[in-house]
Amino acid sequence: MDYKRIYEKIIEHRILNPLDKDVYSENHHIIPRSLGGSDDKINLVKLTAREHFVCHLLLSEIYPKDTFEWYKMNHAFLIMCSTGLSERRYVNSRIYDL
């Protein structure tokens with residue numbers, strides 16, 4: 001599966017179709033800060049909570065296993081899935097969206 005292509009399509013769709021101001025959204029760094037991305041407006045996109053969750057899941061799959069990028073993206077995704085360091089809870093995109 002081409003995770004990078006799916007990620008790029010989600011980002012492109014949301015850039016071309018911005019969310020209404022009354023819809024809950026989360027800022028997402030298109031190029032993650034941990035991989036050298038900036039806080040510049042051009043590197044940020046507002047996503048729904050579910051899109052944000054899915055994008056981080058895709059980022060955790062894009063990079064080859066055991067690389068620096070893979071560790072960074074998996075760490076970021078796991079942070080989204082937990083409510084605390086000592087807790088292990090099942091979280092999916094629908095639960096995260098709630």
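Predicted model: local features only at pLDDT ≥ 70, side-chain atom pairs only at ≥ 80, totals over all residues.
Which residues of α2 are buried? Residues are numbered from 1 along each chain as its sequence is written, and side-chain values use heavy atoms, with hydrogens and water left out.

**View 1. Helix α2 and what covers it.** Ala-49, Glu-51, His-52, Phe-53, Cys-55, His-56, Leu-58, Leu-59 and Ser-60 are the buried residues of α2. Buried stands for under 20% relative accessible area, exposed for over 50%, and partly exposed for values in between (1.4 Å probe, protein chains only). Helices (H or I, at least four residues) and strands (E, at least two) are DSSP runs, numbered from the N terminus. The cover over these α2 residues includes α1, β1, β2, α3 and α4 (93-97), where contact means heavy atoms within 4.5 Å. The end C-alpha atoms of α2 are 20 Å apart, which agrees with the 20 Å that its 14 residues should span at 1.5 Å a residue; the expected span is 1.5 Å times one less than the number of residues.

**View 2. Helix α1 and its buried face.** Residues 3-16 form α1, which has 14 residues and reaches 20 Å from its first C-alpha to its last. Here the buried residues are Tyr-7, Ile-10, Ile-11 and Arg-14. Seen down the helix axis, they fall within an arc of 90°, so they line one face of α1; the arc is that of the directions from the helix axis to the C-beta atoms. An α-helix has 3.6 residues a turn, so residues three or four places apart point the same way. The partners packed against the buried residues of α1 are β1 (26-29), β2 (44-47) and α2 (49-62). His-13 also belongs to α1, but His-13 is partly exposed, with a relative accessible area of 41%.

**View 3. The largest nonpolar core.** Ten residues make up this core: Tyr-7, Ile-10, Ile-11, Ile-30, Val-45, Leu-47, Cys-55, Leu-58, Leu-59 and Met-73. A nonpolar core is a set of buried Ala, Val, Leu, Ile, Met, Phe, Trp, Tyr and Cys residues joined through side-chain atoms within 4.5 Å. Two or more residues come from each of α1, β2 and α2. Leaving aside neighbours within four places in sequence, Ile-11 touches His-28, Ile-30, Val-45, Leu-47 and Cys-55. A second, separate core has five residues, among them Phe-53, Phe-77, Met-80 and Val-91.

**View 4. His-29 and its surroundings.** Strand β1 holds His-29. Beyond neighbours within four places in sequence, the contacts of His-29 are Tyr-7, Ser-38, Asp-39, Asn-43 and Leu-44.

**View 5. Loop residues Arg-33 and Asp-66.** Arg-33 sits in the loop between β1 and β2 and is exposed, with a relative accessible area of 53%. In the loop between α2 and α3 (68-81) lies Asp-66, which has a positive phi of about 70° although it is not a glycine.
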